[in-house]
Amino acid sequence: MKKQICILGSTGSIGTQALDIIAQHSDLYEVYALTANNRVDELAAQARRFHPAAVVIANETHYERLKNALADEPDIKVYAGQSALDEIVEAEPIDMVLTAMVGFAGLAPTIHAIRSHKKICLANKETLVVAGELICRLAQEYHVPIIPVDSEHSAIFQCLTGEGDNEIDKILLTASGGPFRLFTKEQMSRVTAADALKHPTWEMGAKITIDSASMMNKGFEVIEAKWLFGVPVKRIQVLVHPQSIVHSAVQFCDGSVKAQLGMPDMRLPIQYAFSFPDRLPLDGQRLDLFRQPLEFFEPDLDKFRCLALAFEAIHRGGNMPCILNAANEIVNEAFRQARCSFIAMADIIEKTMERVVFDANPTYETYIQTDQEARRIAREMVG
């Protein structure tokens with residue numbers, strides 16, 4: 001039987017690459033549902049190619065347009081809205097859900113998928129950033145595996161496979177350093193969104209590319225690693241590795257270090273999440289270590305203040321990472337729209353963290369309220 005896959009965020013970078021993998025291994029995988037937020041034409045084109053049982057457009061204003069675009073595909077059911085996202089992941093035939101949505105919006109459908117006992121292929125990092133404790137507790141309660149899709153966390157996952165209960169001494173989380181690694185703070189004050197979107201090694205969506213440039217993305221990944229692998233933050237070290245060849249590594253209690261290396265190709269961790277514990281053939285460029293230097297540097301927390309704020313949020317715990325994420329989503333969008341400078345993003349995030357009510361023991365309802373309050377405060381400061 002082919003594995004039935006639901007892709008949340010099928011028109012984004014991760015979603016489109018996942019569909020490429022499914023097409024390559026059509027004997028093993030089949031698309032059950034596809035979802036998008038606003039990209040009606042792309043979603044309709046994907047639906048006509050892969051013939052899922054259902055498609056969901058999160059933005060309800062696009063429902064009629066999508067419905068009309070698929071009028072010649074009567075077997076594909078068309079839905080719209082947040083509640084439809086939550087419900088589609090619960091469909092009985094689905095074996096696994098790839099959460100490739102961007103931002104806080106991925107939290108609710110991920111929770112619904114876990115409660116419906118679906119394997120989670122996690123590409124939406126904000127889910128664990130905002131509510132890591134809740135998600136991990138639910139996954140344990142419902143006996144649901146969470147397989148990371150981020151290249152770094154997939155690398156750590158691969159390094160830990162076969163290690164049983166062997167003690168982890170340290171997680172070595174690599175970062176490219178982004179396009180501004182060698183910039184001074186004065187130079188960074190003048191950069192534009194177009195500059196930040198020119199990532200030196202990875203091809204990603206706009207939001208995550210900006211987060212990579214500010215190194216907030218790496219802060220989020222530290223939080224993810226803490227929850228995914230049960231390792232305290234003091235045992236997670238960030239290494240700037242411009243070549244993006246060593247995707248991450250694990251140091252064990254005996255001093256041995258295992259690393260996962262490969263070309264910067266997100267299809268590999270996506271496919272591994274689908275096929276684990278098996279490895280499937282994958283076309284693409286192969287790594288040639290004779291032609292590839294490997295360099296590592298310490299991150300500059302003074303220059304990349306977003307990474308420092310992420311560490312602060314982790315240490316404070318509670319709903320602070322939720323505040324961090326909400327404020328970041330607002331300033332990230334504002335920077336892309338030239339309503340906020342690159343340097344000002346960290347300032348606004350920091351002030352939002354100071355002003356939003358802190359809750360050391362948040363519930364799901366607390367996360368919803370915190371997210372709304374933090375966004376309101378950050379928007380006010382953006383102006």
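Where is H117 found? H117 lies in the loop between helix 5 and strand 6 (119-122). Helices (H or I, at least four residues) and strands (E, at least two) are DSSP runs, numbered from the N terminus.

## About the model

This is a predicted model: local features need pLDDT of at least 70, side-chain atom pairs count only at pLDDT 80 or more, and totals for chains, interfaces and linings use all residues. Residues are numbered from 1 along each chain as its sequence is written, and side-chain values use heavy atoms, with hydrogens and water left out.

## Backbone details

Phi of H117 is near 65°. That is a positive value in a residue other than glycine.

F276 and P277 are joined by a cis peptide bond, with omega about 10°. P277 sits in the loop between helix 12 and helix 13 (305-316).

## Helix 5 and helix 6

Two packed helices are described by the angle between their axes and the distance between the axes. The axes of helix 5 (residues 107-115) and helix 6 (residues 125-141) come within 11 Å and cross at roughly 10°. That makes helix 5 roughly parallel to helix 6. Axes are lines fitted to C-alpha atoms, for helices over the stretch in contact, and angles run from 0 to 180 degrees between N-to-C directions. Angles under 35 degrees count as roughly parallel, over 145 as roughly antiparallel, 65 to 115 as roughly perpendicular and the rest as oblique.

Helix 5 brings L107, T110, I111, I114 and R115 to the contact (heavy atoms within 4.5 Å). Helix 6 brings T127, V130, A131, L134, I135, L138 and A139. By class, the residues of this contact are 9 nonpolar, 2 polar and 1 charged. Ala, Val, Leu, Ile, Met, Phe, Trp, Tyr, Cys and Pro count as nonpolar, Asp, Glu, Lys and Arg as charged, and the others, Gly among them, as polar.

## A salt bridge

The structure holds 21 salt bridges (a side-chain nitrogen of Lys or Arg within 4 Å of a carboxyl oxygen of Asp or Glu). One of them joins E152 and K218, whose closest N and O atoms are 2.9 Å apart. This pair links distant parts of the chain. E152 is in helix 7 (residues 151-160) and K218 is in helix 11 (residues 216-229), 66 residues apart.

## The largest cavity

A cavity is a set of points, on a 1 Å grid over the protein atoms alone, where a 1.4 Å probe fits but cannot get out; lining residues have an atom within 4 Å of a point. Grid points are joined across faces, edges and corners, and a volume is the space filled by probe spheres set on the points.

The largest cavity has a volume of about 60 Å³. Its lining includes W202, H247 and D265. Helix 7 supplies the largest share of that lining, 4 residues. The lining divides into 5 nonpolar, 5 polar and 1 charged.

Definitions and conventions: 1 Å grid on protein atoms, 1.4 Å probe; cavity = no way out; pocket = protein on both sides within 12 Å on 5 of 7 lines; lining within 4 Å.
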